[in-house]
Amino acid sequence: IFSFKWLVRAWLKSFVVMAWIGIIQLILWHGFKINFINQQPGRISGFCYEPSYYATYMIMGFVSFAYMLIKKNYSVFSYRELKHNFRMVALAMLLSTSRMGFIMMFLWYCVALWLDERDRGIFSFKKLLKFFRLMIFGVIMFFVLLVMQFVYNTDLLGGLGFEGHASHSRDDRFRGQMANINLFLKSPLIGYSLGGVDPANVQAMGRRSYNMEHGTTTNVWAEMLAASGIIGIIPLILYFMELLFSRGSPDKNKRQVIKALQWGLFFGMLILGMNQNILRPYFWWHIAILSACYKHNRKTFLESCKIKKL
């Protein structure tokens, strides 16, 4: 009933829909002081808890669209539609002013310079020019938002730590990661289970009671290490390696689309290194859709082999 193209379009279009919702949230608040399902009305959060979670979701769409643009793959979206979708998602991520989102976008831009097949020179003038354009654009955007922050009191830079608005400080994140690593060192072979890491951290602090606000996890992969131990983490690593490095399809266009989703998953995994919870529905939806694409391509490949034999 549903084709490969339909599935990929439906999933990637969800990022565009969420970009529009985020931008509408911003316009409604700053233009009319209407709070549309937003925990932090001065910024964008979509239907997520906060802007950083929104950026964690959106980065997968941002990278997938960008990769398809670099490879000039228009098998799922036309050039015009692909470019429009990418710009909408990028704009929403910029307006979310999430530090984690900004870091991931910058890292992707560095990767994209070396993925671009039109210019293979590592230190070419063209790539350096693109890099400086990004830096100039970033500085201009920052100063525009800074002026709006202090002149119009917009709170657009709340996620960058101005006036103490940042939800997690660098020290808090570091302490949370070290707490999980210490738990792993206490029981390296068998972990504490995914739901047992935070209670174990609370117990290590000398507390008897536990509730959600006492959780110290700030790095999903450190949490997974403490939760699974060496025995559990090895199958998990092999599973993600299969997801990230499988060729996917003999068809060039489909292979590039799958590679776009793989890059999106990789950056989703990167940003979860600065997050508290791996049980994000959008993260596992991305994995499910990537797996469905693999299964579809494997089936069509086997069918083509049968036809050749006949």
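In which helix is Leu270 found? The points below, on a predicted model, begin with that residue.

1. Leu270 belongs to helix H9, which spans residues 252-271. With a relative accessible area of 33%, Leu270 is partly exposed, because that class lies between the limits of 20% for buried and 50% for exposed. Trp221 lies 49 residues from Leu270 in sequence, and the two C-alpha atoms are 9.3 Å apart in space.

2. Overall composition. The protein chain holds 10 helices and zero strands. Read from the N terminus, the order of elements is accordingly α-α-α-α-α-α-α-α-α-α. Of the 310 residues in the protein chain, 44% are buried.

3. Packing of H8 and H9. Helix H9, the element that contains Leu270, packs with H8 at an angle of about 165 degrees, and the axes of the two helices are 12 Å apart. H8 and H9 are therefore roughly antiparallel to each other, since the angle exceeds the cut-off of 145 degrees. The crossing of these two helices is left-handed.

4. Leu189, Ile190, Ile230, Ile231, Ile234, Ile237, Leu238, Met241 and Phe245 make a nonpolar surface patch of about 920 Å². One of these residues, Ile237, is placed in helix H8, residues 220-245. Ile237 counts as partly exposed because its relative accessibility is 44%.

5. Packing of H1 and H3. Helix H1 (residues 4-32) packs with helix H3 (residues 79-96), the angle being about 45 degrees and the axes lying 9 Å apart. That angle makes H1 oblique to H3. The two helices cross in a left-handed sense.

6. How many salt bridges does a search of the whole structure find? The search finds two. In one of them, Arg9 pairs with Glu81, with 3.1 Å between the closest N and O atoms. This pair connects distant parts of the chain, as Arg9 is in helix H1 and Glu81 is in helix H3, 72 residues apart. Lys13 also forms a salt bridge with Glu81, at 3.2 Å from N to O. Here too distant parts of the chain are linked, from Lys13 in helix H1 to Glu81 in helix H3, 68 residues apart. Through shared partners, the salt bridges join Arg9, Lys13 and Glu81 into one network.

7. Glu81 counts as partly exposed at 22%, and Lys13 counts as partly exposed at 29%. These assignments follow because buried requires a value under 20%.

8. Packing of H3 and H4. H3 also packs with helix H4 (residues 99-115): their axes come within 8 Å and cross at roughly 135 degrees. The crossing in which H3 passes H4 is left-handed.

9. Which residues of helix H7 are buried? Within H7 (residues 197-204), the buried residues are Val197, Asp198, Ala200, Asn201 and Val202.

10. Most residues other than glycine have a negative phi. Lys72, although not a glycine, has a positive phi of about 55 degrees. Lys72 is placed in the loop between helix H2 (51-70) and H3, and at 47% relative accessibility Lys72 counts as partly exposed. Ser193, likewise not a glycine, has a positive phi of about 80 degrees. Ser193 lies in the loop between helix H6 (170-186) and H7, and its relative accessibility of 40% places Ser193 among partly exposed residues.

Notes. Residues are numbered from 1 along each chain as its sequence is written. This is a predicted model: local features need pLDDT of at least 70, side-chain atom pairs count only at pLDDT 80 or more; totals for chains, interfaces and linings use all residues. Side-chain values use heavy atoms; hydrogens and water are left out. Patches are made of residues with over 30% relative accessible area and no salt bridge: like charges are joined within 9 Å, nonpolar side chains (Val, Leu, Ile, Met, Phe, Trp, Tyr) within 5 Å. Accessible areas come from the Shrake-Rupley method with a 1.4 Å probe; for residues, only the protein chains shown count as cover. A salt bridge is a side-chain nitrogen of Lys or Arg within 4 Å of a carboxyl oxygen of Asp or Glu. Helices (H or I, at least four residues) and strands (E, at least two) are DSSP runs, numbered from the N terminus. Buried means under 20% relative accessible area, exposed over 50%, partly exposed in between (1.4 Å probe, protein chains only). Axes are lines fitted to C-alpha atoms, for helices over the stretch in contact, and angles run from 0 to 180 degrees between N-to-C directions. Angles under 35 degrees count as roughly parallel, over 145 as roughly antiparallel, 65 to 115 as roughly perpendicular and the rest as oblique. A crossing is left-handed if the near helix is turned anticlockwise from the far one by less than a right angle, and right-handed if clockwise.
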